[in-house]
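Hi there,

Here is the structure I promised to pass on. Have a look at it first, and my notes follow below.

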There are 2 protein chains.
Amino acid sequence: MASNKEDVKLLGMVESPFVSRVDIALKLKGVEYKYEVENLQNKSEFLLKYNPVYKKVPVLVHNGKPISESLVILEYIDETWKQNPILPSDPYKRALARFWSKFIDDKIINAARKALYTHDEKEREKGVEEIEEALHLFENELKGKFFGGDEIGIVDITAVLIAYWLPIIQEAFGAKLFTSDKFPKLYNWSQDFNNHPIVKETLPPRETLMAYYKGHYERHVASNK
Amino acid sequence: MASNKEDVKLLGMVESPFVSRVDIALKLKGVEYKYEVENLQNKSEFLLKYNPVYKKVPVLVHNGKPISESLVILEYIDETWKQNPILPSDPYKRALARFWSKFIDDKIINAARKALYTHDEKEREKGVEEIEEALHLFENELKGKFFGGDEIGIVDITAVLIAYWLPIIQEAFGAKLFTSDKFPKLYNWSQDFNNHPIVKETLPPRETLMAYYKGHYERHVASNK
């Protein structure tokens, strides 16, 4: 479906799980695109022009038209390139897929931030409880090999944050939030997801992320002194 | 398209702008439904069963199947009852509509909370700046009579919070965030929206909301003593 006339650019940075979502979706669809690396310390003219509201990555630019916000981009990709759908066709199942994608962004991310980036011990402990509760709810939603069933869908892609990023970030921070003994089903899913051939070739090297998030952790510790 | 076999219930409370969104969308579609009033101080078995994750309204129950989260419900309504579409058909315009709906929930609501519910004066002032900046960005997006063009669309419906609720809440709190002199275009839109015949018959009485949010304000003041 992609023709030579298509011009698809992804403004991103390898350390971002939100960019990774778009990366994975485009690769699953077989869409050719150019990845333009952004440096958030020194934002490009393109980024400021294409995402004036948030000035954040990812931004997908399709034939000159920019789209921001990873979940909005995933829906756009699915509507624009119909092959290998990432949303179900049934409206009720679509609603559930949207609900759980949003759950990851609203609930899991906020709880993870609180559990990792809070200096106050009591608040941090509350964050740990919240993320464990949220991960249990999420794990209970897993009915097949993937959240999308036999194939990877939008919920799996959104949850790359849990499958690949969270284990690295928690190690960098010396925390244990998502472990195979607490969440065996979700852990198995994360292995299947990370080892899916297309996902695997798309994910950035573990060492790159570990160095980046160790830097986060050091700054986090320093900010408490 | 609605037949006698359809069983549509909305679990809601009149004071909630999130419930109002669903209310308006169903009315615009001409879908018959039963409104079941929830008391959040004493949540019904239904609510706990149908929205175990957030235990919040609105919940739409269609033929026994529950859906939560107002933006997810709006998309479901548009996909299930095709008459009077509330999302554009073009994928790029759909992406923009989703982006601005999300902007209201992520940016405007958080800024409004900060500007109204923060005790610390400096933080509150930052909230006021943030909501003014966000409302300016939002106003600049208004190209026609409605955000949806000639007809009301998903962005207008999502923004019922700005059109109808915000003027009442700010009055209850003695604040002036959204005024006709600061945001003339957005103010005119809010009048057109609130006076749209279907919206008008759906909105709860001003006095009901005023009494409710004055109660909020009194508790907010008391919590600082």
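**The sheet and a loop residue**

In this predicted model, chain A has an open sheet of four strands in the order β2-β1-β3-β4, with mixed pairing (two strands pair if DSSP finds at least two bridges between them; strands are DSSP runs of E with at least two residues, helices are runs of H or I with at least four, and both are numbered from the N terminus). The edges are taken by β2 (34-37) and β4 (65-68) of chain A; each has a single partner strand, so one side of each has no neighbour in the sheet. From one strand to the next, the twist averages 20°.

Strand β3 (residues 59-62) of chain A runs antiparallel to β4(A), and four bridges join them. One pair to look for is A:L60, whose bridge partner in β4(A) is A:I67.

Helix α1 (residues 17-29) of chain A lies across β1 (8-12), β2 and β3 of chain A, at about 155° to β1(A) (axes are lines fitted to C-alpha atoms, for helices over the stretch in contact, and angles run from 0 to 180 degrees between N-to-C directions; contact means heavy atoms within 4.5 Å).

Now to the loop between α5 (121-140) and α6 (154-158) of chain A, where A:L142 is found. Is A:L142 buried or exposed? With a relative accessible area of 6%, A:L142 is buried (under 20%; exposed is over 50%, partly exposed in between; 1.4 Å probe, protein chains only). Leaving out residues up to four places away in sequence, A:L142 touches A:F147, A:K185 and A:W189. A:K185 is 43 residues from A:L142 in sequence, yet their C-alpha atoms are 7.9 Å apart.

Residues are numbered from 1 along each chain as its sequence is written, and chains are lettered from A and ligands numbered from 1 in the order in which they are written. As the model is predicted, local features need pLDDT of at least 70 and side-chain atom pairs count only at pLDDT 80 or more, while totals for chains, interfaces and linings use all residues; side-chain values use heavy atoms, with hydrogens and water left out.

Best wishes
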